[in-house]
Amino acid sequence: PRQPAKTLWYDRPRYVYLEFCVEDSRDVKVDIEDQRLVFSCKNADGVEFYNEINLYARVNSKDSQNKRSDHSITCFIRKWKEKVAWPRITKENIKLAWLSVDFDNWRDWEGDEELERAMVEQYAEV
């Protein structure tokens, strides 16, 4: 039986960030398309996780990345139109039980571009 992974998201000028909260993930697959993201993996207990998100707006799938850690898989998805705020991550205006805003990382964009660039470069180095 598959179940959705708990997912946090936040918005930045150039990227939208998604964090799939799965401890000890294995067989991680992240498929980022122009307007859709499909995520799947298993945890140490063999539980299968699957999330499919029709994205709010078009993204640049070739300039999007993901990074796995012991606790989660973080995706940074390059927006097609930079500096356009996303009011939500999903195309449809619906509330999904497994999806919520990451308020710890949500902030005003004022002067945020340098910080964002540094974050993406830091992820890319690891």
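**Notebook: rings, charges and strands**

I started with the rings: Y10, Y15, Y17 and F76 make up one aromatic cluster. For pairing I took rings of Phe, Tyr and Trp (its six-membered ring) with centres within 6.5 Å; planes under 30 degrees apart are stacked, over 60 edge-to-face, and the rest tilted.

Before going on, I noted that this is a predicted model, where local features need pLDDT of at least 70 and side-chain atom pairs count only at pLDDT 80 or more, while totals for chains, interfaces and linings use all residues. Residues are numbered from 1 along each chain as its sequence is written, and side-chain values use heavy atoms, with hydrogens and water left out.

**Entry 1: the aromatic pairs**

I got 7 aromatic pairs by that rule. I looked at Y10 and Y17 next: their ring centres are 4.7 Å apart and the planes meet at 5°, so I wrote the pair down as stacked. Are Y10 and Y17 buried or exposed? I use buried for under 20% relative accessible area, exposed for over 50%, and partly exposed for in between (1.4 Å probe, protein chains only). Y10 is buried at 7%, and Y17 is buried at 0%.

Then I checked Y15 with F76, an edge-to-face pair with 6.3 Å from centre to centre and 70° between the planes. This pair connects distant parts of the chain, since Y15 is in strand β3 (residues 15-21) and F76 is in strand β8 (residues 73-79), 61 residues apart. Strands here are DSSP runs of E with at least two residues, helices are runs of H or I with at least four, and both are numbered from the N terminus. Y15 counts as buried at 5% relative accessibility, and F76 is buried with a relative accessible area of 1%.

**Entry 2: charges over rings**

I also searched for charges sitting over rings (NZ of Lys or CZ of Arg within 6 Å of the ring centre and within 35 degrees of the ring normal). R2 has its charged end over the ring of Y50, 3.9 Å from the centre. R58 lies over the face of W80, with 3.7 Å to the ring centre.

**Entry 3: where R2 sits in the sheet**

R2 sent me to the strands. I count two strands as paired if DSSP finds at least two bridges between them. There is an open sheet of 4 strands in the order β1-β6-β5-β4, and the pairing is mixed. β1 (2-3) and β4 (26-32) are at the edges with a single partner strand each, so one side of each has no neighbour in the sheet. β1 pairs with β6 (residues 48-54) in the parallel sense, over 2 bridges. Which residue of β6 is the bridge partner of R2? I found E48 there.

**Entry 4: salt bridges**

My rule was a side-chain nitrogen of Lys or Arg within 4 Å of a carboxyl oxygen of Asp or Glu. That gave 7 salt bridges.

- D11 and K79 form a salt bridge, with the closest N and O atoms 2.6 Å apart. D11 is in strand β2 (residues 6-11) and K79 in strand β8, 68 residues apart, so I filed the pair as one linking distant parts of the chain. Both D11 and K79 are buried.
- E52 and R36 form a salt bridge at 2.7 Å between the closest N and O atoms. E52 belongs to β6 and R36 to β5 (residues 36-42), 16 residues apart. E52 is partly exposed at 38%, and R36 is partly exposed at 25%.
- R78 and D63 form a salt bridge at 2.5 Å between the closest N and O atoms. R78 is in β8 and D63 in β7 (residues 59-68), 15 residues apart. R78 counts as buried at 18%, whereas D63 is partly exposed at 27%. Salt bridges with shared partners join R14, D63, R78 and E82 into one network.

**Entry 5: cysteines**

How many disulfides did I find? I counted 0, taking a disulfide as a pair of cysteine sulfur atoms within 2.5 Å.

**Entry 6: the whole chain**

I finished with the totals. The chain has 1 helix and 9 strands, in the pattern β-β-β-β-β-β-β-β-β-α along the sequence. Of its 126 residues, 37% are buried. For contacts (heavy atoms within 4.5 Å), I noted that residues 24 or more positions apart account for 61% of those with a separation of 6 or more.
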